[in-house]
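User: I have a structure open beside its sequence, and I would like to learn how to read its features one at a time. Could you take me through them, giving the general idea and then the case at hand?

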Amino acid sequence: MNSILSSVLPAPEDPILSVYYACRDDPSPVKLNLTAGTYQSEEGKPHVLEVVRRAEQQLANDLSWNKEYLPLNGLADFNKLSAKLILGDDSLAVKENRVVTFQCLSGTGSLRVGAEFLAQHHQQRVIFVPNPTWGNHPNIFNMAGLSVEHYRYYDPETRGLDFKGLLEDLGAAPSGAIVVLQACAHNPTGVDPTFEQWEKIRKIVRSKSLLPFFDNAYQGFASGDIDSDAQAVRMFVADGDECLIALSYGKNMGLYGERVGSLTIVCKSEDVAKKVESQVLLVVRAMYLTPPIHGAAIVTTILKNSDMYKDWTIELKGMVDRILSMRQELYEALQARGTPGDWSHIIKQIGMFSFTGLNEKQVRLMAKEHHIYMTYDGRISIGGLSSKTVPRLADAIHAVVTRIA
Ligand code: PGU
């Protein structure tokens, strides 16, 4: 039978999902999935925060909650509290009514809505992302009609920031270009600029009239502290100029599947903010009408209540501390095995991932012979490790590094 869709070509493989599926289909009982950035418990199980369970109980008991459509921009309290989370308690920009926030579908949805708005209303369609970056960034921005370029970010030689390359590339970007900056806990490298470096980045971004678009998917996951991890963004906002911020509650509240996040746009004046708001609402209405209610209600319940907020930050710090001890255990296990090479980057890198330095051949061998899955660029999700699985991972890394240089 003839298909009118027969000319559709298969999509290229997704670098994260393809290994994720390969792991899912591996029948081995000892397989270890370190592909996606999700935090697992010490028992290797998906982890729901206590405070999230409590908020859900509270919502279930509150009969005044209903399931009506939310407004186009979502829950008003959620938006206020989300702006406060990233911009701080006494943000001048908020006081001056030049900040607009929209509840969106987690970090990805916030990036997508922001990109769609920029593709329609920003004079410059070029968007710069770090090299390397989260594999979905190019998809999100290309699909919105922006043209994706890369700026240098990571130096494999030093396993650190290629700061000189970064400044050169941003310095050579066309005026008005959009620049994606990961606010903290850079995915996949685990390498962030220092505050002095952020200040230099800010200066070059502003002097070239580039438009910063912060991807804030890991607030709290770098230092364990919500405010410290917001410093880079606040540095930019303090200069009075404009930026966009996509915030995700996927990782820091463990609300991955609830799809809850926000897009905040900081404008130069209240008048600009009003116009921007009206256009973003049009984008939202055409894309999905209004955002979903449940996840935003959980977040709002937690952020609104000072006891719950405090409990959340304690649980968040607990996740970060467990990740830090997994880094230390893995590093020590490799040292103990005398694994060739310097592995100190494992304890220097921050956030949910470690960019191990394993090459694609070694990664494939890890999957084939050891049933341990990570992305082909050698990224492992430290949040997926436990004291039980660290020795197996160290054995496997030792074996593949000894076999393939
Ligand atoms: N921004 C960055 C830098 C991310 O790493 C991720 C998720 C997101 C945004 C979007 O997350 P939301 O869940 O939409 O809030 N990174 C995960 C996602 C797994 C995947 O399928 O790509 C990761 O493992 O890199």
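Analyst: Let us begin at the surface, bearing in mind throughout that this is a predicted model. Leu5 has a relative accessible area of 60%, and because exposed means over 50%, Leu5 counts as exposed. Leu5 lies in the segment before helix H1 (17-24), and together with Ile4 and Val8 it forms a nonpolar patch on the surface, with about 390 Å² of accessible area together.

User: Is Leu263 buried or exposed, and where does Leu263 sit?

Analyst: Leu263 is buried, with a relative accessible area of 0%, and its place is in strand E10 (residues 261-266). If neighbours within four places in sequence are left aside, the residues in contact with Leu263 include Val100, Phe102, Cys104, Val113, Phe213, Leu244, Ile245 and Val280. Sequence and space can also be set side by side: Leu263 and Phe214 are 49 residues apart in sequence, while their C-alpha atoms are 9.8 Å apart in space.

User: Which residues touch the most other members of the largest nonpolar core?

Analyst: A core is read by asking which buried nonpolar residues are joined through their side chains. The largest nonpolar core has 63 residues, and those that touch the most other members are Tyr249, Trp312 and Leu330. Among the elements that give two or more residues to this core are helix H2 (50-61), helix H3 (76-87), helix H11 (294-304) and helix H15 (390-403). Helix H12 gives the most, with eleven residues, and the core draws at least three residues from each of domain 1 (15-47 + 311-403) and domain 2 (69-304).

User: What is Trp312 in contact with, apart from its neighbours within four places in sequence?

Analyst: Trp312 is in contact with Leu49, Val51, Leu85, Ile226, Asn252, Met253, Ile302 and Leu303. There is also a second, separate core of 35 residues, which includes Leu170, Val179, Ala183 and Ala230.

User: Why are Lys203 and Glu199 separated by about one helical turn?

Analyst: Lys203 and Glu199 are separated by about one helical turn because they are four residues apart in helix H8 (residues 195-207). They form a salt bridge whose closest N and O atoms are 3.9 Å apart, and Glu199 is partly exposed, with a relative accessible area of 24%.

User: Which residues do salt bridges that share partners join into one network with Glu199?

Analyst: Through salt bridges that share partners, Glu199, Arg202, Lys203, Arg206 and Asp239 are joined into one network.

Notes
Residues numbered from 1 in each chain as written. Predicted model: local features only at pLDDT ≥ 70, side-chain atom pairs only at ≥ 80, totals over all residues. Heavy atoms only, no water. Core = buried A, V, L, I, M, F, W, Y, C linked by side-chain atoms within 4.5 Å. Buried < 20%, exposed > 50% of the residue type's maximum accessible area, 1.4 Å probe, protein only. Domains from an automatic or database assignment. Contact = heavy atoms within 4.5 Å. Patch = residues over 30% accessible without salt bridge, like charges linked within 9 Å, V, L, I, M, F, W, Y side chains within 5 Å. Areas by Shrake-Rupley, 256 points an atom, 1.4 Å probe, with all protein chains shown as cover. Salt bridge = Lys/Arg side-chain N within 4 Å of Asp/Glu carboxyl O.
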